[in-house]
Amino acid sequence: MAATITAEDPLTGEEIEIPADVEVGEIVDSPATGAELEVVSTDPLTLEEAPELEEDWGE
Amino acid sequence: MAATITAEDPLTGEEIEIPADVEVGEIVDSPATGAELEVVSTDPLTLEEAPELEEDWGE
Amino acid sequence: MSASHTDAGDDAAYTASVVGGSGFTGGELLRLLYQHPEFDVVQATSRSKERKTVGHVHPNLREMDLRFTSPEDLESVDVLFAATPHGVSMEHVDEFRDAADTVVDLSADFRLDSEDQYDEWYDGHVCPEYLEKSEYALPEINRENLPGADLIASGGCNATATILGLKPLFDAGILEGDEQAVVDVKVGSSEGGAGGGDASSHPERSGIVRPYAPTGHRHEAEIEQFLGLSVSFTVHAVDMTRGASATCHLFPNAPVSKGDLWTAYREAYADEPFMRTVAGGGGVYRYPEPKAVAGTNFGEVGFEVDPGNRRLVVFSAIDNMMKGSAGQAVHAANVALGIEETAGLEFAGLHPVGAP
Amino acid sequence: MSASHTDAGDDAAYTASVVGGSGFTGGELLRLLYQHPEFDVVQATSRSKERKTVGHVHPNLREMDLRFTSPEDLESVDVLFAATPHGVSMEHVDEFRDAADTVVDLSADFRLDSEDQYDEWYDGHVCPEYLEKSEYALPEINRENLPGADLIASGGCNATATILGLKPLFDAGILEGDEQAVVDVKVGSSEGGAGGGDASSHPERSGIVRPYAPTGHRHEAEIEQFLGLSVSFTVHAVDMTRGASATCHLFPNAPVSKGDLWTAYREAYADEPFMRTVAGGGGVYRYPEPKAVAGTNFGEVGFEVDPGNRRLVVFSAIDNMMKGSAGQAVHAANVALGIEETAGLEFAGLHPVGAP
Amino acid sequence: MSASHTDAGDDAAYTASVVGGSGFTGGELLRLLYQHPEFDVVQATSRSKERKTVGHVHPNLREMDLRFTSPEDLESVDVLFAATPHGVSMEHVDEFRDAADTVVDLSADFRLDSEDQYDEWYDGHVCPEYLEKSEYALPEINRENLPGADLIASGGCNATATILGLKPLFDAGILEGDEQAVVDVKVGSSEGGAGGGDASSHPERSGIVRPYAPTGHRHEAEIEQFLGLSVSFTVHAVDMTRGASATCHLFPNAPVSKGDLWTAYREAYADEPFMRTVAGGGGVYRYPEPKAVAGTNFGEVGFEVDPGNRRLVVFSAIDNMMKGSAGQAVHAANVALGIEETAGLEFAGLHPVGAP
Amino acid sequence: MSASHTDAGDDAAYTASVVGGSGFTGGELLRLLYQHPEFDVVQATSRSKERKTVGHVHPNLREMDLRFTSPEDLESVDVLFAATPHGVSMEHVDEFRDAADTVVDLSADFRLDSEDQYDEWYDGHVCPEYLEKSEYALPEINRENLPGADLIASGGCNATATILGLKPLFDAGILEGDEQAVVDVKVGSSEGGAGGGDASSHPERSGIVRPYAPTGHRHEAEIEQFLGLSVSFTVHAVDMTRGASATCHLFPNAPVSKGDLWTAYREAYADEPFMRTVAGGGGVYRYPEPKAVAGTNFGEVGFEVDPGNRRLVVFSAIDNMMKGSAGQAVHAANVALGIEETAGLEFAGLHPVGAP
Ligand SMILES: NC(=O)c1ccc[n+]([C@@H]2O[C@H](COP(=O)([O-])OP(=O)(O)OC[C@H]3O[C@@H](n4cnc5c(N)ncnc54)[C@H](OP(=O)(O)O)[C@@H]3O)[C@@H](O)[C@H]2O)c1
Ligand SMILES: NC(=O)c1ccc[n+]([C@@H]2O[C@H](COP(=O)([O-])OP(=O)(O)OC[C@H]3O[C@@H](n4cnc5c(N)ncnc54)[C@H](OP(=O)(O)O)[C@@H]3O)[C@@H](O)[C@H]2O)c1
Ligand SMILES: NC(=O)c1ccc[n+]([C@@H]2O[C@H](COP(=O)([O-])OP(=O)(O)OC[C@H]3O[C@@H](n4cnc5c(N)ncnc54)[C@H](OP(=O)(O)O)[C@@H]3O)[C@@H](O)[C@H]2O)c1
Ligand SMILES: NC(=O)c1ccc[n+]([C@@H]2O[C@H](COP(=O)([O-])OP(=O)(O)OC[C@H]3O[C@@H](n4cnc5c(N)ncnc54)[C@H](OP(=O)(O)O)[C@@H]3O)[C@@H](O)[C@H]2O)c1
Ligand SMILES: [Zn+2]
Ligand SMILES: [Zn+2]
C-alpha cells in the first residue's frame with residue numbers, strides 16, 4: 001500500500017493512519033468513527049471534522 | 001453416534017446409512033434426496049418412498 | 001466430499017453435542033461447531049425430527065453427516081450445549097452434567113443469581129443450588145470467571161445488546177445506576193424460535209412494527225443484575241429475521257461530551273475481538289445496525305448526545321442468533337476451555353445483505 | 001372506461017391541482033382527489049416528468065387521463081395542493097395563492113408559528129408574514145380553525161403520529177408538559193420521498209433498523225408547539241415502505257391506571273372518524289401497528305402502564321403518506337370547504353398485507 | 001362513528017353472508033361487501049373465532065360491528081359467499097342454497113365441468129349434479145352467462161392470471177391450442193390462506209424463491225377447460241403477501257408482431273373496466289406487476305416478442321385476494337344481480353407500496 | 001485486534017488487488033480474500049471513494065485496515081481481480097496484466113470466444129486478441145483449463161445458474177441441444193450493482209415480481225457457447241438482495257425418469273465440493289432455493305418430471321455475489337494457482353435467514 005503517516009483523530013483522540021500525500025482541503029475518513037475529516041494543514045498535519053450535509057428526510 | 005447400517009436408497013440407487021435399530025414402519029429420510037423413506041422390511045433391509053401429503057396451496 | 005467439511009474429525013480436541021439441535025439456535029450451534037477447528041459434533045437431539053438428517057431441517061447443513069437422536073439417549077461428550085426452551089435445562093441439568101464435563105445452556109435457566117429473581121420474573125426454579133455455580137457467558141463482562149467453568153449460562157439476546165451498549169458508561173462513571181433509562185428494542189423473527197404461532201406467519205409478520213413486549217420483559221432482570229440499573233424496557237418486532245437493535249435513551253446526572261464517550265468505549269472495547277464502536281461519520285452505515293453484523297459474532301455500539309434534552313442515546317446491534325445466543329455460547333466455551341477466543345467465529349458477515 | 005373512473009367530472013364541486021404531483025405524497029393526493037366525489041383534478045405539475053402521463057410515474061393511476069405540466073404554468077383552481085420539498089412553497093406561495101382560493105401545503109413551510117422557530121430549527125423563512133395566517137391541518141387538534149382557512153399547513157408525519165398519541169393525555173391532565181418524554185419512532189422508506197440516495201437503494205435499505213435521526217429531528221418543534229412538551233426524539237428507518245410508528249415512553253408526575261387511560265382516549269377520540277384506540281386484548285393485532293392502517297387515513301393509538309418504572313408507554317401508528325400527509329391534507333380541505341369530513345377517505349385498508 | 005362506516009344499512013339492496021369469514025379471502029369479502037353500496041353484511045361465520053368480532057381477526061375492519069357465528073346457523077340472505085377450503089362447499093351446498101338465492105363459492109368445488117375432471121385432478125366430487133349448473137365467475141370470459149346465475153364458482157388465482165393473459169391470443173387466432181406453453185408463476189404468501197404451516201413462518205418464508213408446485217398444479221385443469229390449451233405449469237413462492245404473476249412462454253405456429261399483439265389485447269380488453277395492457281414503454285413499471293394492482297380488482301397483462309427463439313412472452317399480474325378471488329367473486333355477483341359492475345371495486349391501489 | 005483479522009499477513013502465499021473494490025462484487029472479493037489463508041490484499045481501488053476506508057463502504061469490513069486508492073495507480077501483485085462494469089476491463093487489460101501475473105475479471109469482457117459474439121450481443125470488443133487466451137472461471141465446466149491460466153473470465157450470474165443446472169443433462173445425453181428450452185430466472189437486487197437508479201430504490205423495488213429482461217438477455221450467449229443450446233430466457237427481479245434462481249423448462253426428445261436424473265446429477269456433481277442436488281423429499285427446503293445458499297459458494301440443483309407435458313423441470317439456485325461472481329472468481333483463482341480448491345470458501349451459510 002501507499003505510504004501513510006499518522007495524525008490525531010480530532011473526535012476520538014486516537015492516532016490514525018492516513019495517506020502520506022494528502023493535501024490541504026482533502027477529505028479522508030476516520031477509520032474509528034467513519035467521520036469525514038478535512039485536512040486543514042499539513043505542517044503540522046491537522047484534521048478537523050467536516051460536517052456532512054444533513055439529510056432532510058420525511059418532513 | 002449410534003450404530004448405523006447401510007441400505008439402498010430406492011430413489012437414487014445410492015447406498016445410505018441409517019440407524020441400526022430401525023423397525024418396520026419407521027420413517028427415515030434419505031440424506032441425498034431428503035425424501036421420506038419407510039422401512040418396509042428389516043430382513044433384508046428394504047426402504048420405500050413414503051409419499052408425503054400434498055400441500056393444497058392457493059387453489 | 002464437501003467444501004464445508006471442515007469437520008475437524010480426529011484432530012478436534014473436544015467432542016460436543018447439541019440438545020435442541022432442530023431449533024434455531026441449535027442449528028446455529030451445529031453450524032459453528034461443525035466448522036470449528038477444535039470441536040467434533042457427535043450428537044444433535046430432537047424429539048420431533050428423530051432419525052432425520054440435520055440437513056432436513058437446516059438446509060445450510062446438508063453436507064453434515066448426522067441424524068437427530070432422542071434427548072433421552074445422551075452420549076458422553078466434553079461439552080454439551082443445550083438450546084431448549086426455558087424450563088427444560090433446569091429439569092435435566094443433572095443428566096446434562098452426567099453426560100458432559102462442561103454444560104453451556106442457552107436458555108434463561110441459569111442466568112440469574114438467586115431463586116428470588118426466578119420467583120419474581122419467571123415461575124420459580126427447580127434446582128436453585130446451581131444458580132451460584134453457573135457463570136454468565138458474555139466474555140465482555142465475565143471473561144475472568146469463565147476459564148474452567150463447568151456450567152455456563154448464555155445471555156438473553158436483548159439483554160446482551162443492552163448490556164454491551166451500556167457497560168462502558170458504567171465503567172467510565174458516566175452512569176451510576178440511578179438514572180432514568182429507556183431501552184427501546186427492535187428484533188427479528190428468529191427470536192421467537194422455530195415454533196411460532198399465528199402472529200409469526202409470513203403474511204401477518206411481514207412489514208411490521210409490532211409492540212410485542214410493551215412492558216415487563218424478563219430481560220430487565222439480567223440487565224439490572226449486571227448493571228445495577230433499572231431499565232424501562234419495550235420490545236418491538238420488525239421485519240427482519242436476524243437481529244436485535246437496542247436504542248437506549250439515557251439521562252446522565254452530569255453533561256457528557258462525545259469525546260468522553262469515545263474514550264469510554266475505547267477503554268472498554270479496544271481489545272475486544274468482537275466489539276465495534278460506530279458513532280456517526282459518513283456513508284450509509286453511521287450507527288450500529290443489525291444488518292452490518294448479521295451472521296457474525298460481532299456487536300456494534302455507538303452513541304449520540306442530545307444536549308437540548310440532556311439526553312445520551314446509545315445504539316447497540318447484534319445478531320440474536322450469534323452474539324445473542326449461539327455465538328456467545330461458543331465464545332464462552334472457547335474461553336472456558338482455553339481455546340483461541342475467536343476460533344470458529346471469524347466470519348465477517350456480508351455486504352450487501354437484505355433482511356438476513 | 002375504467003373502474004376507478006369515479007372522476008366526478010361536471011358534478012364535482014371543486015377544481016384542484018397538485019404541485020409536485022410526481023412525488024410520493026403528490027401521487028397520493030392525485031389518487032385521493034381522483035376518486036373524491038367533490039374534486040376534479042385539473043393539473044398536476046412536475047418539472048422532470050413534464051408531458052408524461054400521471055400513470056407513467058404512478059402505475060396505480062394508469063387510468064387517469066392527465067399529463068404533468070410545468071409548475072411555471074399554474075391553472076386557476078379552487079384548491080391547490082403543494083407537495084414539494086421544504087423551501088419551495090415559501091418561495092412560491094404568492095403564485096400559489098394567485099392561482100387558488102385555498103392552498104394546502106404538505107411541507108414544513110407553514111407549520112410553525114414564528115420566524116424564530118424557523119431560525120432555530122430550519123434555515124429561516126422568506127415570508128414569515130404568512131406564519132400567523134396559516135392553519136395546521138390536523139383536524140384532531142385544530143378542527144375549529146379550519147373552516148374557511150385559505151392557507152393550510154399539513155403536519156409532519158412523525159409529529160402527527162406523536163401528537164395524536166399524546167394529546168389525549170394533555171386533555172385529561174395526565175401529562176402537564178414538564179415530564180420526561182422519550183419518543184422512539186420507526187418509519188418506512190416512503191418518508192424519504194421519491195428522490196432517495198445511496199442509503200435508500202433496495203440492497204442497502206432492506207431489512208434495516210437504522211438510526212437516521214438519532215437526535216435533533218425537526219419534528220420536535222411541531223410537537224413542542226402543540227403540546228408544550230419537549231420530547232427526546234429519535235427516528236429509526238425500518239423495512240417497510242409506508243408507515244410511521246411512534247413509541248412514547250412517558251413518566252407522569254402521578255400514577256395512572258389503565259382505566260384512566262381508556263377514559264382519556266375515549267374522551268378524545270370517540271367521535272373522531274379516523275382514530276382508533278387499540279390497547280391490549282387478544283389476537284395478533286393488540287397494539288397500534290402501521291400495517292393495520294396502511295393505505296388508509298386512520299390513526300391507531302394505544303398504551304400500556306409499567307408501574308415498576310412509573311412509566312406509561314403510548315403507541316401510535318399511521319400511514320405517513322395518508323394520515324401523515326396526503327390524507328391529512330384532504331381531510332383538512334374537506335373541513336375547510338365544508339365537505340363531508342370523510343369524503344374520499346373511506347378506504348378501510350387491507351388484511352393481510354405485507355410490508356405496504 | 002367511523003369513516004369506513006359506509007355500511008349502506010337500510011338503503012342496501014341485498015343482504016349477504018360470508019361463510020369462512022375469518023380466513024384471508026373471507027376477510028377481503030367482508031371488506032368489499034362492507035363498503036359496497038348495494039350489500040349489507042348480516043353474517044360472517046367462523047368455527048374457531050365464534051363470538052369474536054370481525055376486527056379481532058381483520059384489524060382493518062375494527063369499525064365493523066359484527067361477530068363471527070357458527071356455520072351451523074346460517075341466516076337467510078340474498079347472497080351467500082363461501083370462502084372455505086376445497087371440499088367444504090360441495091358438502092354443504094344444499095344448506096348454502098337453502099339459505100340464499102345466490103351462492104358464490106371461492107373454492108375449486110364448482111369450477112370444473114365434469115365429475116371426470118374432479119376424479120383426475122382432485123379426489124372426486126360428492127354432488128356432480130351441480131357442475132353443469134354452476135357458472136365460472138370471471139366476467140372477462142363468462143360475462144354473458146352470469147346474469148341470473150344462482151351458483152357461481154370463483155376461479156383459481158393462478159388460473160385466473162393465466163387465462164386473462166392468454167385469452168386475447170385465442171380470440172385473435174394467434175394461439176390455437178396445440179402450442180408448447182410454459183407458464184411460470186410467482187405467488188405471495190396469502191395464497192396459502194390463514195392456516196399456514198412450518199414453511200409459511202416468517203423466518204422460513206421471507207426472501208424466498210421456492211418451487212412449491214414444480215409440476216401437476218391443479219389449476220392446469222381450469223386453464224385447459226377454458227382455453228383448450230395444455231400448459232406446463234410451475235409455481236414459485238416469492239416474498240410478497242399479495243400477488244400472483246404469471247409469465248407465459250409461448251411458441252406460436254406463425255410469427256407474430258408487437259402490432260398484432262397490441263391489436264389482440266385492445267380488442268379483448270378495451271372495454272373491460274378492470275383490465276390494463278402494459279407492454280414496454282418508459283419509467284419503472286413497464287410490464288405487468290403485482291405491486292401495481294395490489295389491493296385492487298385490476299388485472300395487468302402485457303407481452304414481448306422474442307423472434308430469435310420464435311417465442312412470445314406474456315406477463316399477467318393480479319392480486320390473488322382480489323381479482324384472483326374475493327374481488328372476482330364480488331364482480332361476478334354484481335353482474336349476476338344486475339348491479340353496476342364496478343360497484344364496491346373502485347379502489348385504485350397505492351403507490352408506492354412495499355410488499356403488499 | 002479483531003476477530004476477522006485472519007489476514008494472513010506474511011504467511012500468505014500471494015498478494016492480490018481488487019479493482020472496483022467499492023462495488024458489490026468488489027466488496028465480496030475483499031471479504032473473501034481478507035479471510036483467505038493464501039492471499040494478502042494490498043490494494044482496493046475506487047475513484048469515487050478514494051482515500052476512504054474499505055469499511056466506510058462495506059460495514060462488514062470495518063476491521064480491515066485498507067483505504068481505497070485510484071485505479072490509475074495499480075500496485076504490482078500476484079493476482080488482480082477486476083470487478084468493474086462491462087467495458088472497463090477490455091480498455092485496461094494491458095495495464096492489469098502489467099500489474100499482475102494473473103488477472104481474474106468478473107465482467108463479461110472476456111467470457112465469449114469470438115469478436116463476432118461481442119458484435120452480436122454487446123457493442124463489439126476493443127481487444128479481441130485476448131478472447132482466445134482467456135479461460136472461463138467456472139470450475140464445474142472448465143476445471144482442466146484453469147491451472148496456470150493468466151486471464152480468467154468469471155461467468156455471468158444468471159448464465160452460471162443455468163449452466164450448472166443443465167450441464168449434467170448434456171453429459172448424460174438427456175439433452176442434445178435441439179430441444180425447446182425455457183429458462184425463467186428470478187434475481188435479487190444486488191445483481192444491479194451498487195449504482196442503481198429509480199427502479200432500485202427501496203419503495204419501488206420492495207415486494208416486486210418485475211420482468212426486467214423479458215427477452216434478449218445477454219447471458220443467452222454464454223449459455224449457448226457452453227451448452228450448444230439456444231434458450232428462451234426471461235429474467236424477473238424479485239424481493240431479495242442476494243440470489244439467482246433459474247427454473248429451466250425442458251422438453252427432452254425421449255422420456256426420462258427421476259432415477260435417470262439422479263444418476264446424471266450424481267455423475268456430474270458427486271465429487272464437486274460446491275454442488276448439491278436437492279430434488280424433492282420432505283421438510284421445508286425440497287428444491288433448490290437461493291436462501292439455502294445465501295452468502296456461500298454453493299450451488300443447488302434439482303429437478304422434477306412432468307410426464308403429462310413431456311416436460312422436465314430443472315431448478316438451480318446460487319448466490320449471485322458468490323457462486324455467481326466473487327466466489328466463482330476466487331474458486332477459479334484457487335484452481336489456477338494450485339491452492340486447495342475450497343480455501344477461503346468454506347462458509348456454510350445461515351439458517352434461518354430472511355431475504356439475504
Ligand atoms: N432465538 C433466539 O434468538 C434466542 C436468543 C437467546 C436465547 N435463546 C434461548 O435459546 C433457547 C432455544 O431457543 P430457540 O429459538 O432455538 O428455540 P426453538 O427454535 O424453539 O428450538 C427449541 C429446541 O428445543 C427442543 N426441545 C423443545 N422442548 C424440549 C424438551 N422438553 N426436551 C428436549 N428438547 C426440547 C426442540 O426440538 P424437539 O421439540 O424436536 O425436541 C428444538 O430443537 C431458548 O431457551 C431461548 O430462550 C434464543
Ligand atoms: N413522504 C412523506 O411521508 C411525507 C410526509 C409528510 C410530509 N411530507 C412533505 O411533503 C413534501 C413532499 O414530500 P414527498 O415525499 O412527496 O417528496 P418527493 O417524492 O421528493 O416529491 C417532491 C415533488 O416536488 C417536485 N418538486 C421538487 N422541487 C420542486 C420545485 N423547486 N418546484 C416545483 N416542484 C418541485 C418534484 O417533481 P419535479 O422535481 O419533477 O418537479 C416532486 O413532484 C415535502 O415537503 C415533505 O417534507 C412528506
Ligand atoms: N387465498 C387465496 O389467494 C385464494 C385465491 C383463490 C381461491 N381461494 C380459495 O378460497 C378458499 C378460501 O381460501 P383462504 O385462503 O381464504 O383460506 P383460509 O384463510 O384458510 O380460510 C378458510 C376459512 O374457512 C373456514 N373453514 C375451514 N373449514 C371449514 C369448514 N369445514 N366449515 C366451515 N368453515 C370452514 C375457516 O374458519 P374456521 O376454521 O374458524 O371455521 C376460515 O374462515 C379456498 O377454497 C381457496 O382455495 C383462495
Ligand atoms: N452484481 C452481481 O451480482 C454480478 C454478478 C456477476 C458478474 N457481475 C459483474 O461484475 C462487475 C461488477 O459488478 P458490481 O455489481 O460489483 O458493480 P458495482 O457495484 O456497480 O461496482 C462497480 C465497481 O467498479 C468501479 N468502477 C466503475 N467504473 C470504473 C472505471 N471506469 N474504472 C475503474 N473502476 C470503475 C466502481 O467504483 P468507482 O466508480 O468508485 O471507481 C465500483 O467499485 C460487472 O461487470 C458485473 O457485470 C456482477
Ligand atoms: Zn423487503
Ligand atoms: Zn419481507
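## Basis of the model

This is a predicted model, in which local features need pLDDT of at least 70 and side-chain atom pairs count only at pLDDT 80 or more, while totals for chains, interfaces and linings use all residues. Residues are numbered from 1 along each chain as its sequence is written, chains are lettered from A and ligands numbered from 1 in the order in which they are written, and side-chain values use heavy atoms, without hydrogens and water.

## Setting of C:Cys157

C:Cys157 belongs to helix H6 of chain C, residues 157-171 (helices are DSSP runs of H or I, at least four residues, numbered from the N terminus). C:Cys157 counts as buried because its relative accessibility is 14% (buried means under 20%, with a 1.4 Å probe and protein chains only).

Beyond neighbours within four places in sequence, the contacts of C:Cys157 include C:Glu191 and C:His219 (contact means heavy atoms within 4.5 Å).

## The two domains of chain C

Chain C comprises domain 1 (9-133) and domain 2 (157-318), with bounds from an automatic or database domain assignment. Between these domains, 12 residues of domain 1 of chain C contact 13 residues of domain 2 of chain C.

The count of salt bridges between domain 1 and domain 2 of chain C is 2 (a side-chain nitrogen of Lys or Arg within 4 Å of a carboxyl oxygen of Asp or Glu). C:Arg111 and C:Glu222 form a salt bridge, with their closest N and O atoms 3.0 Å apart.

Note on methods: Helices (H or I, at least four residues) and strands (E, at least two) are DSSP runs, numbered from the N terminus. Buried means under 20% relative accessible area, exposed over 50%, partly exposed in between (1.4 Å probe, protein chains only).
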